[in-house]
Amino acid sequence: MSERRFHPLGNLPLQQGGVLQEATIGWRAFGELNAAGDNAVVLFSYYTGNDESYLPLIGAGKALDPARWYIVILNMFGNGISTSPGNSAHQPGSQFPPVTLIDNITGQYDLLINTLGITQIALASGWSMGAMQAWHWAAAWPARVRNLLVVCGTARCWPLNHLFLDGVKAALQADESWQGGNYRSPPLKGLAAFGRVYAGWAYSAQFFREHLYQQLGFASQQALLQYWESDHQNWDANDLLAMLYSWQQADIGQLPGYGGDFSVALQAVTARTIVMPCDTDSYFTLEESRLECQQVGGEFRPIHSPFGHCAGAPGRVAEASMQIEQAMRDLLG
């Protein structure tokens with residue numbers, strides 16, 4: 001397996017003011033960049049994911065075969081690997097500044113283009129927040145992105161999505177141990193509530209009605225919810241909320257040159273684009289993905305699955321994964 005590496009950025013000026021001090025991006029790569037610098041596939045991390053999360057997609061004979069492609073997986077700020085509240089020596093915990101996806105892609109540009117020498121990204125892709133970053137790249141530097149595949153993720157945080165995130169954030173912050181982010185010990189009750197509330201949004205009504213959690217190895221609905229609770233208790237609370245802030249602020253219309261006009265930013269995308277929402281996703285909705293796809297002139301390939309938002313997770317649901325693999329093959333030729 002390729003080893004994780006770290007790219008230093010120094011003090012990174014931020015979109016909303018201030019700087020991220022001694023910013024660092026964690027990343028890993030597979031394969032070799034060709035002489036033209038144009039065989040790169042870039043995968044962007046998602047909420048509670050990291051550079052290891054996409055490993056099921058990579059391998060000999062797969063669409064993402066390292067023998068053909070230079071595959072780079074990036075960690076977003078706040079995910080505990082790249083600079084985050086939980087690991088920052090200079091701005092720990094509540095001192096961490098507001099970081100957006102625009103700040104993320106600015107740092108990523110320094111790594112991918114200025115340092116690694118990538119001239120053009122053959123495919124920019126990701127699931128969920130990873131898809132949001134891929135959208136940002138395609139709109140920020142249209143000539144740099146040849147193909148775009150977005151899975152269960154949109155080019156902005158739409159209103160219902162924003163509301164959902166407010167709900168899980170409120171559940172975490174209701175813990176008396178939260179202390180405005182200045183907790184002395186992890187706010188475990190709040191983290192558990194965060195995970196339990198989140199789980200209800202992650203899957204569909206059919207998923208719960210037909211006990212499909214059993215296909216994921218859980219004997220009961222309560223067992224699934226308890227897993228979500230304990231999984232989120234392993235996270236640093238400030239890290240979760242730093243990424244959540246980036247998610248809520250996401251909007252390609254805020255990129256330089258678009259004056260806040262979301263439609264103009266969408267129409268600037270020149271990459272061949274496939275948009276793959278799940279028809280039962282509760283927060284990256286089918287309808288809003290369709291609206292974006294129409295404006296960018298992309299191909300709309302919805303995933304029909306009762307697994308909701310989680311249908312698009314790398315390697316998690318076999319049938320959906322086969323559809324995503326085929327879309328990658330179609331785009332990469």
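1. Is R329 buried, partly exposed or exposed? In this predicted model, R329 is partly exposed, its relative accessible area being 36%. Its salt-bridge partner is E325, with 3.0 Å between N and O. E325, by contrast, counts as buried, because its relative accessible area of 19% falls under the 20% cut-off.

2. The position of this pair along the chain deserves attention. Both residues belong to helix 10 (residues 318-332), where they stand 4 residues apart, a separation of about one helical turn.

3. Salt bridges in this structure may also share partners: R4, R28, D51 and E52 are joined in this way into one network.

4. A further salt bridge links E229 with R196, and the closest N and O atoms of the two are 2.5 Å apart. E229 lies in helix 6 (residues 221-233) whereas R196 lies in helix 4 (residues 188-202), so this contact ties together parts that are 33 residues apart in sequence. R196 is partly exposed, at a relative accessible area of 29%.

5. E299 and R301 also meet through their side chains in a salt bridge, with an N to O distance of 2.8 Å. Of this pair, E299 is partly exposed, having a relative accessible area of 33%.

6. How many salt bridges are counted in the model? The count comes to 10; the pairs described above, including E325 with R329 and E229 with R196, are among them.

Note on methods. Residues are numbered from 1 along each chain as its sequence is written. This is a predicted model: local features need pLDDT of at least 70, side-chain atom pairs count only at pLDDT 80 or more; totals for chains, interfaces and linings use all residues. Side-chain values use heavy atoms; hydrogens and water are left out. A salt bridge is a side-chain nitrogen of Lys or Arg within 4 Å of a carboxyl oxygen of Asp or Glu. Helices (H or I, at least four residues) and strands (E, at least two) are DSSP runs, numbered from the N terminus. Buried means under 20% relative accessible area, exposed over 50%, partly exposed in between (1.4 Å probe, protein chains only).
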